[in-house]
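Colleague: Could you take me through this model? I would like to start with the helix packing and then move to other topics.

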Amino acid sequence: MTSKDLHRRSVLGGAAAVAAGFALAGCGDSGDDDTAPKERKKGQKVELTFWSWVPGIDKPVDLWNRKNPEVQVKVEKVSAVDGEQYAKMHAAIKAGNPPDLGQIEFPVIPSFLLDNGLLDLATLGAARHKDKFFGWQWQQSVFGKGIYAIPQASGPMGLFIRQDLFEKWDVPTPTTWDEYEAAAKAIRKKGAWIETFSATNGNRLAGLAWQAGAKWYATKGDTWLINVDDEPTRKVADYWEALVKQKLIKTIPDRQNAWYKDLQTGAIAAWVGASWGDALLVGNAPGTKGKWRAAPMPQWEKGGQTFANWGGSTTAVFAKAHYPKDALDFAVWLNTDPESISLLIDGGYGFPSAKKGYATTDLDVDKAFFGGQEYSKIFADAGAHVDTSWQWGPGVDTLYQRLGDAFTDALGTGASFRSVLKKVQGQTIADLKGKGLKVESGG
């Protein structure tokens, strides 16, 4: 039995905090072939490949390359539309030719572990870097005793609003979900929509469920418990279904051309988004400069302080990285060096996972677009109140696809959103059992 097999077997069915987990990506089979990991000799010049979709990532990489002539990093941009980047990465792993490093979001790390696709950075002493990052974000990549990525940025959620339109129509900024529905009704009377329910956006649905207290993944011994169809998620589904049924919101996909046009024209006046949404709005609705503001995410209870995270990503080292020590050094530098962080912030990559190297006000790179508001404080406060007990599990990328397909069908047929949750619950359990995991319904 190879070391890879032992690694996978030891984690087929546990959780992040115990030595179970799932297919933790082993170091791979040892051998003398050209794809085996190597240690760079002193003075040797090497090139590492890095797949990423982060805006402006070329600038910090260029800085690294100027400072590290012996270890050059080549960036290859990959599409982040509908999970295309992950399909490409999984295909490369199966073909035996993945890049050295990749941009991987927190939720999908477990899926790469099932493929034995990521290197256990604990074997390279990565734990010594732990205190450089916010604890809950570091833990997103820790399974058992293994460390499988270096955190880069999180996405605490908030509410973006067209302040000019809200004021013009005398609509108060909603602080609760009841007030949000009232705002939706008032805005619809003006011929616009408060926003859209995007059937294919499983990421955002997860964040909304997270805020409501959902726990989609849990463990019992060596068994994964799946609970997509739990009461908090049903509450969220019921809420958005009611908005759809009342025709108070659109149902077009977000972050696509028609949606961007609606942002530009004012047909959509708000967006429940994440901290990285500032760059997205600036880049796709330039004609609305100065008209947007950020506000806290609406709460289920008046005066509540419960928030969630949408997205957040890491720099991971693939199991077949040719020079893993150098890859780790780059990943840590990219996400902790003050100059690198400054360049990443300029590109709009999200809320830094590093504790130091920047000030919250440094993140207000688009302050003029938000009418002079120091908007990043909104997301910093949200990040401090994210429910850190949320746990990701295996197969999230497939789960998102299942949700997208089922919600799209429901919008077309009129089926209930609750039926979507029930269907996807069953599909997810079947999917994971098909991967050899021990799985039960958590309901």
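**Helices, sheet and loops**

Modeller: H10 and H11 are roughly perpendicular to each other. Please bear in mind throughout that this is a predicted model.

Colleague: At what angle do H10 and H11 pack, and how far apart are their axes?

Modeller: Helix H10, residues 257-265, packs against helix H11, residues 277-284, at an angle of about 80°. Their axes are 10 Å apart. An angle from 65 to 115 degrees counts as roughly perpendicular.

Colleague: Which residues make the contact?

Modeller: H10 contributes Trp 259, Tyr 260, Leu 263 and Gln 264. From H11 come Leu 280, Leu 281 and Asn 284. By type, the residues of this contact between H10 and H11 are five nonpolar and two polar, with no charged ones.

Colleague: And H15 with H16: at what angle do they cross?

Modeller: The axes of helix H15 (residues 396-413) and helix H16 (residues 417-434) cross at roughly 150° and come within 9 Å. H15 and H16 are therefore roughly antiparallel to each other.

Colleague: Is that crossing left-handed or right-handed?

Modeller: The crossing of H15 and H16 is right-handed.

Colleague: Which residues meet there?

Modeller: On the H15 side they are Thr 398, Leu 399, Arg 402, Leu 403, Ala 406, Phe 407, Asp 409, Ala 410 and Leu 411. In H16, they meet Phe 417, Val 420, Lys 423, Val 424, Gln 427, Thr 428 and Asp 431. The contact of H15 with H16 comprises nine nonpolar, three polar and four charged residues.

Colleague: Changing topic to the sheet of six strands: what is the strand order?

Modeller: The order is E2-E1-E3-E12-E6-E13, in an open sheet with mixed pairing. Strand E2 (71-77) and strand E13 (351-352) are at the edges. Each has a single partner strand, so one side of each has no neighbour in the sheet.

Colleague: How does E6 pair with E13?

Modeller: Strand E6, residues 150-154, and E13 pair in the antiparallel sense, over two bridges. Ser 154 stands opposite Phe 351 in E13.

Colleague: How many bridges join E6 to E12?

Modeller: Three bridges join E6 to strand E12 (residues 313-317), and these strands run antiparallel. The bridge partner of Ile 150 in E12 is Thr 315.

Colleague: How many residues of E6 are buried?

Modeller: Five of the five residues of E6 are buried, so E6 is largely enclosed by the rest of the structure.

Colleague: Which strands does H3 lie across?

Modeller: Helix H3 (residues 84-95) lies across strand E1 (46-52), E2 and strand E3 (101-105). H3 runs at about 135° to E3.

Colleague: What about H2: which of its residues are buried?

Modeller: In helix H2, residues 58-67, the buried residues are Pro 60, Val 61, Leu 63, Trp 64 and Asn 65. The buried residues of H2 pack against E1 and E2, and also against helix H12 (324-336) and helix H13 (338-347).

Colleague: On to the loops. Where is Ser 141 found, and is Ser 141 buried or exposed?

Modeller: Ser 141 is in the loop between helix H5 (135-139) and strand E4 (142-143). Ser 141 counts as buried because its relative accessibility is 0%.

Colleague: What does Ser 141 touch?

Modeller: Leaving aside residues up to four places away in sequence, Ser 141 touches Ile 109, Gly 146, Ile 147, Tyr 148, Ala 149 and Thr 314.

Colleague: Now the hairpin of E8 and E9: which residue there takes a positive phi?

Modeller: Gly 221 takes a positive phi near 65° in that hairpin, which has two residues between the strands. Strand E8 (residues 217-220) and strand E9 (residues 223-226) run antiparallel and are joined by four bridges. Tyr 217 stands opposite Ile 226 in E9.

Colleague: What is the phi of Asp 170, and where does Asp 170 lie?

Modeller: Asp 170 has a positive phi of about 55°, although it is not a glycine. Asp 170 lies in the loop between helix H6 (163-168) and helix H7 (177-189). With a relative accessible area of 67%, Asp 170 is exposed.

Colleague: And Lys 247: what is its phi, and is Lys 247 buried or exposed?

Modeller: Lys 247 is not a glycine, yet has a positive phi of about 60°. Lys 247 lies in the loop between helix H9 (231-245) and H10. Lys 247 counts as exposed, at 61% relative accessibility.

Key
Residues are numbered from 1 along each chain as its sequence is written. This is a predicted model: local features need pLDDT of at least 70, side-chain atom pairs count only at pLDDT 80 or more; totals for chains, interfaces and linings use all residues. Side-chain values use heavy atoms; hydrogens and water are left out. Axes are lines fitted to C-alpha atoms, for helices over the stretch in contact, and angles run from 0 to 180 degrees between N-to-C directions. Angles under 35 degrees count as roughly parallel, over 145 as roughly antiparallel, 65 to 115 as roughly perpendicular and the rest as oblique. Contact means heavy atoms within 4.5 Å. Ala, Val, Leu, Ile, Met, Phe, Trp, Tyr, Cys and Pro count as nonpolar, Asp, Glu, Lys and Arg as charged, and the others, Gly among them, as polar. A crossing is left-handed if the near helix is turned anticlockwise from the far one by less than a right angle, and right-handed if clockwise. Two strands pair if DSSP finds at least two bridges between them. Buried means under 20% relative accessible area, exposed over 50%, partly exposed in between (1.4 Å probe, protein chains only).
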